[in-house]
Amino acid sequence: MAHTTHAIFRDDAYLAEAEAAVVAVNERGGIILDRTIFYATSGGQPGDTGFLTRADGSRIAIAATITGETKNEIIHVPAAGQPLPGPGERLALAIDWPRRHLLMRMHTACHLLTVICPFPITGASVAEDDSRVDFDLPDTGFTKEEVTARLMELVAADHPVFTQLISDDELAANPGLVKSKNVRPPTGNGQIRLVCIGDKGSVDSQPCGGTHVRSTGEVGEIHIGKIEKKGRENRRFRIRFGPSPA
Ligand SMILES: [Zn+2]
């Protein structure tokens, strides 16, 4: 039976530490908790790493976080050779916050890119140093310099980033909110999580379950490293931190 983990990061992406109780350890040694701050790999954003501290002070290193039988079941995958906790055991949770914050900045940068390139998204992958978004886009007059300049305008404007819940019906009435070509947001729970940028979402709103920074200014300096052709109707934009190389 799949468990439902309370995903604290959905309400507060900035929580780097918390406490939780072990619900189960699965047959492959994956640890399921009642609540967690560890984001599970989904939507192109990699899962968190970090450690769980036991009552005696010893640590269980977590190498990956993934979803289980359902999207609501979060599994903490220990590094090789780690001791396993028992059901009911209370643990202190700590994510690798510097890594997560880089992923939050990059993930938010990917949303900004979809504002500048308003085309159907065919894929995305967020990483600490280099992220990519693929668009269904036959030919692009875009140059990386131009896209970088427009990205940095959105960063400099320091727009707020926030989440908002809407109903399945509201999403159905606003199909333009969905930018992914192949991935539909999960409906049927009655509520869809929108990630909004700008006052009342004036810059962008789209369904997303990932973690983001609070304002576009926090993304910091980024640039488009490359625009690659991936097939006749696909363009891959690569985002990197820092200024454009001279
Ligand atoms: Zn997102």
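Which residue in strand 7 does I66 stand opposite? Before I answer, please keep in mind that this is a predicted model, in which local features need pLDDT of at least 70, side-chain atom pairs count only at pLDDT 80 or more, and totals for chains, interfaces and linings use all residues. Residues are numbered from 1 along each chain as its sequence is written, and side-chain values use heavy atoms, with hydrogens and water left out.

The residue opposite I66 is I75. Strand 6 and strand 7 (residues 74-78) run antiparallel and are joined by five bridges, and the hairpin between them passes through six residues.

In their hairpin, which has five residues between the strands, G57 takes a positive phi near 90°.

Let me turn to the open, antiparallel sheet of three strands, ordered 11-12-13. Strand 11 (161-167) and strand 13 (204-207) each have a single partner strand, so one side of each is left without a neighbour in the sheet. Strand 12 (residues 191-197) pairs with strand 13 over four bridges, and V195 has Q206 as its bridge partner. Helix 1 (residues 97-116) packs on this sheet, touching strand 11, strand 12 and strand 13, where contact means heavy atoms within 4.5 Å. The direction of helix 1 makes about 115° with that of strand 13, given that axes are lines fitted to C-alpha atoms, for helices over the stretch in contact, and angles run from 0 to 180 degrees between N-to-C directions.

Methods:
Two strands pair if DSSP finds at least two bridges between them. Helices (H or I, at least four residues) and strands (E, at least two) are DSSP runs, numbered from the N terminus.
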